[in-house]
Amino acid sequence: MVRKYILPCAGYDRPGGEVTRAAAERLAKNRDDVVIGSMGALFMERPGEMRNYRTSDVFCLDGCGTDCATELVQARGRDDATTLSIPEITGSVEGFEDKVRLAVDAIAKELDKSTPKTSSTDTVEPSREIEYIKEKFDKFVLKVAKGLKYSDNDFWVRVEGEHVRIGASDFLQQMTSDVHFVELAEPETHVDMFDDAGMMESIKIMVEIIIPVSGTIVESNVLLEDSPEFINESPYDKGWLYLIKPDDIDELELLRDASDYMTHALVKAQEEIGKKVE
Amino acid sequence: MDMTSSKSGSGTTFMGVDREKIPWWPTIDLDMCDGCNGEYDCLKFCPHKVYRPLENPSGIEVENQYNCVVFCQACSKMCPKDAISFPAKGDILKIIKAERAK
């Protein structure tokens, strides 16, 4: 299910603004795929708001000719939002309740016809197609996801538009074994390349999360608090750790590509197990 | 066993740079370190045999500096006396970049 982020305009004290807000609230009450956006929070780029914003299809409800919702959404980097001009939609009727009803119907129609426009950055149900390089070592199979960058500390980096997502490699999760506790740094924390930010703990060991790229944490994978096993079950997908706005994307050139990292990881795996790779 | 980089010691590389060229290992403040009264928390914690215990007085010293995993400083967080410090990461990264550029 792709979530719908409805952004009513900021004209609370104007007739159009009142209608957009009432319509949004009614929709959110009756549908579980709708969240109401906040102009203020979106303007301030608050982390929780930005998470909803990025992972949802966006619908702007403009209450007057200022089109402030649409303007802000464009300023926040979305050019795929659906814009609805509420005065145009409701112009044919007079009463407030009638206007709200018309608006709700029109918005619902847009919500239902929307094919998913968001990329698969939905953190709740990620559904990426990941291609792997696979190698056997001992009785294990080591998986390295193609197209990512890897640090020598065994963390991966995936470029996603202007952000990067990071996580622990399959090798790291296998060596750590079952993670039962994860502690993550808060969004808005700035980290330098190779700083540690948070940790994960298994029965065997505590592992520092060593950040492979400088930047500002935009989002932490809060689902890991309740489901730390995602790190083991889905290290390159559901087990991601942080979404980061990088300071300098060129820094990634310091990291390894997938095939290079596989070579590196196999050497380490041999060391760990003390056996030759078949 | 350490996860952040398992292969360690001299003769290895980190980010393509010989480990011996990267001055990353802990420094112990022996005025503060009391060897945890013979418990040696850092020694027990670190799986890389970086440390060696000292007796009379009880303390700790770095025995295998190149075994230390570059950018790992987990042991310093285990230290109840806050006696373990590491170099600035930025300085080390500069050294690594300079070596890579050679």
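How many helices and strands does chain A have? In this predicted model, chain A has ten helices and 15 strands. Of its 278 residues, 41% count as buried. Among the contacts in chain A with a separation of 6 or more, 65% are accounted for by residues 24 or more positions apart.

One element of chain A to follow is an open sheet of four strands, in the order E2-E1-E3-E4, with parallel pairing. Strands of a sheet pair through backbone hydrogen bonds, either parallel or antiparallel. At the edges of this sheet in chain A stand strand E2 (34-36) and strand E4 (82-85); each has a single partner strand, so one side of each is left without a neighbour in the sheet. On average, and with direction ignored, neighbouring strands of the sheet are turned by 25° against each other.

The pairing between strand E3 (residues 56-62) of chain A and E4(A) is parallel and extends over four bridges. Within chain A, Leu61(A) stands opposite Leu84(A), a residue of E4(A).

Two helices may then be placed relative to these strands. Helix H1 (residues 15-30) of chain A packs on the sheet, where it touches strand E1 (3-8), E2 and E3 of chain A. The direction of helix H1 of chain A makes about 145° with that of E2(A). Helix H4 (residues 68-75) of chain A lies across E1, E3 and E4 of chain A and runs at about 145° to E3(A).

Turning to the interface, 15 residues of chain B are in contact with 21 residues of chain A. On the side of chain B that touches chain A, the largest share, three residues, comes from helix H3 (residues 89-101) of chain B. By class, this side of chain B has eight nonpolar, five polar and two charged residues.

Some details of backbone geometry remain. In chain B, the peptide bond from Asn56(B) to Pro57(B) is cis, with omega near -5°; Pro57(B) lies in the loop between strand E4 (51-54) and strand E5 (59-62) of chain B.

Because Asp154(A) has 25 C-beta neighbours inside 10 Å, Asp154(A) counts as buried.

Note on methods. Residues numbered from 1 in each chain as written. Chains lettered and ligands numbered in written order. Predicted model: local features only at pLDDT ≥ 70, side-chain atom pairs only at ≥ 80, totals over all residues. Contact = placed C-beta atoms within 7 Å. Nonpolar A, V, L, I, M, F, W, Y, C, P; charged D, E, K, R; others polar. Buried ≥ 20, exposed ≤ 12 C-beta atoms within 10 Å, placed from the backbone. Pairing = 2+ DSSP bridges. Axes fitted to C-alpha atoms, helices over the stretch in contact; angles between N-to-C directions.
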